[in-house]
Amino acid sequence: MKSTLKATGLAFGLAFAFAGQALAADLKMMTGPQGGSWIPLGGQLKDLWEKAIPGTAIQVLPGAGIANVRGVEEGKADIGFSNSISAVDALAGKAPFNKAHANVCNVGTLYPQYTQFVVLADAGVNSIADLKGKSITTQQRGNTGELITRQLLEANGLSYNDVKVSFVGYTDSVNQMKDGHAVGFGLTTQIPAGAIMDLAAARDIKLMDQSGVIDKMRKHNVGYKLVTIPKGTYPKQDKDIQVIGFFTHIVASCKLPEDVVYKMTKTIADNTKTLATVARDIASLTPKGMGQDIEVPFHPGAAKFYKEAGLQVKVR
């Protein structure tokens, strides 16, 4: 009898140990460009996930919205931040993606993204169309923010040939604006953007309203919508500004184990206050918000969490 109990106990112990090992993994996560919010947010997720999934080690890599989706599809990363418009294009194989992506699954929506085009207040620029012949900066080629800057110029009757453009990170863009080497800066991130706050501390700036081109922008991607940057978000901003927006969400390889992604999804929902210290919009995030339909099917592990929360979501 004692031998039987010992054997049974040993079996349960081994089963528990192997279950824990099944969750353990070495993962790569792609975040964002230098100076943006995705790098510190990725650092927080790394810490939270490694604590929630014992034995898991996550390597955080720089990235960008489009590059991250490609990275997950190609197996260069297991998980990463994405923009809803990029993921939708990737699944459809629409430019800038050269094929339909089959290994990209949704994990959860985090917060809205705002396309912000800021100009020096003394540059004599009252609309994006006024930038013709002037120097501007945006993110590196291939970044979602760069793609939207190009589309935004086109919606206002301009192209890169009509401006002098530098494709650099947030930090270099701010420095060029501070020095007067550029008069306009296009970026897509949360509000308030740290890069714009840094710039506003040194130079008077103003934001460009984009409400007049929403129909033209939707021809590029139906996922675009107008979002509002409330007055007072930035120094001397005395009125609400409407800009092009979409959602930041997390994508994962569809090949990742269901239990791993389930635990990751649950950990996000359980730690919104911590994550909100970097992205304040996450403070009000709920499972319903995380599981909203942004036209990107969910990983089965994420779907398991949402089902427990009373939600039915589309599964890849």
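**Exercise 1. Elements around the largest cavity**

Task: Identify the elements that each supply at least two residues of the lining of the largest cavity in this predicted model, and describe that lining.

Solution. Step 1: The elements are α5 (144-155) and β7 (184-189); helices (H or I, at least four residues) and strands (E, at least two) are DSSP runs numbered from the N terminus. Residues are numbered from 1 along each chain as its sequence is written. In this predicted model local features need pLDDT of at least 70 and side-chain atom pairs count only at pLDDT 80 or more, while totals for chains, interfaces and linings use all residues, and side-chain values use heavy atoms, with hydrogens and water left out.

Step 1: The largest cavity holds about 130 Å³ of space. Its lining comprises 16 residues, of which Pro33, Trp38, Gln113, Tyr170 and Thr188 are the closest to the centre. A cavity is a set of points on a 1 Å grid over the protein atoms alone where a 1.4 Å probe fits but cannot get out, and lining residues have an atom within 4 Å of a point. Points are joined across faces, edges and corners, and the volume is the space filled by probe spheres set on them.

Step 2: Sorted by class, this lining has 4 nonpolar, 12 polar and no charged residues (nonpolar: Ala, Val, Leu, Ile, Met, Phe, Trp, Tyr, Cys and Pro; charged: Asp, Glu, Lys and Arg; polar: the others, Gly among them).

**Exercise 2. The second largest cavity and α4**

Task: State which element gives the largest share of the lining of the second largest cavity, and characterise that element.

Step 1: The lining divides into 3 nonpolar, 3 polar and 1 charged residue.

Step 2: In α4, 7 of the 9 residues are buried (under 20% relative accessible area, with exposed over 50% and partly exposed in between; 1.4 Å probe, protein chains only). They are Ser84, Ile85, Ser86, Ala87, Asp89, Ala90 and Leu91. Their packing partners are α3 (65-73), β3 (79-83), β4 (104-120), α5 and β10 (241-253).

**Exercise 3. The disulfide**

Task: Locate the 1 disulfide of the structure and compare the burial of its two cysteines.

Solution. Step 1: Cysteine 105 is joined to cysteine 254, with S to S 2.1 Å; a disulfide is a pair of cysteine sulfur atoms within 2.5 Å. The link is right-handed, with 110 degrees about the S-S bond.

Step 1: Cysteine 105 sits in strand β4 and cysteine 254 in the loop between β10 and α9, 149 residues apart, so that distant parts of the chain are linked.

Step 2: Cysteine 105 is buried at 1% relative accessible area, whereas cysteine 254 is partly exposed at 22%.

**Exercise 4. Threonine 265**

Task: Determine whether threonine 265 is buried or exposed, and list what it touches.

Solution. Step 1: Threonine 265 belongs to helix α9 (residues 258-270).

Step 1: With a relative accessible area of 0%, threonine 265 is buried.

Step 2: Leaving aside residues up to four places away in sequence, threonine 265 touches Val107, Met290, Ala302, Phe305 and Tyr306 (contact: heavy atoms within 4.5 Å).

Key: 1 Å grid on protein atoms, 1.4 Å probe; cavity = no way out; pocket = protein on both sides within 12 Å on 5 of 7 lines; lining within 4 Å.
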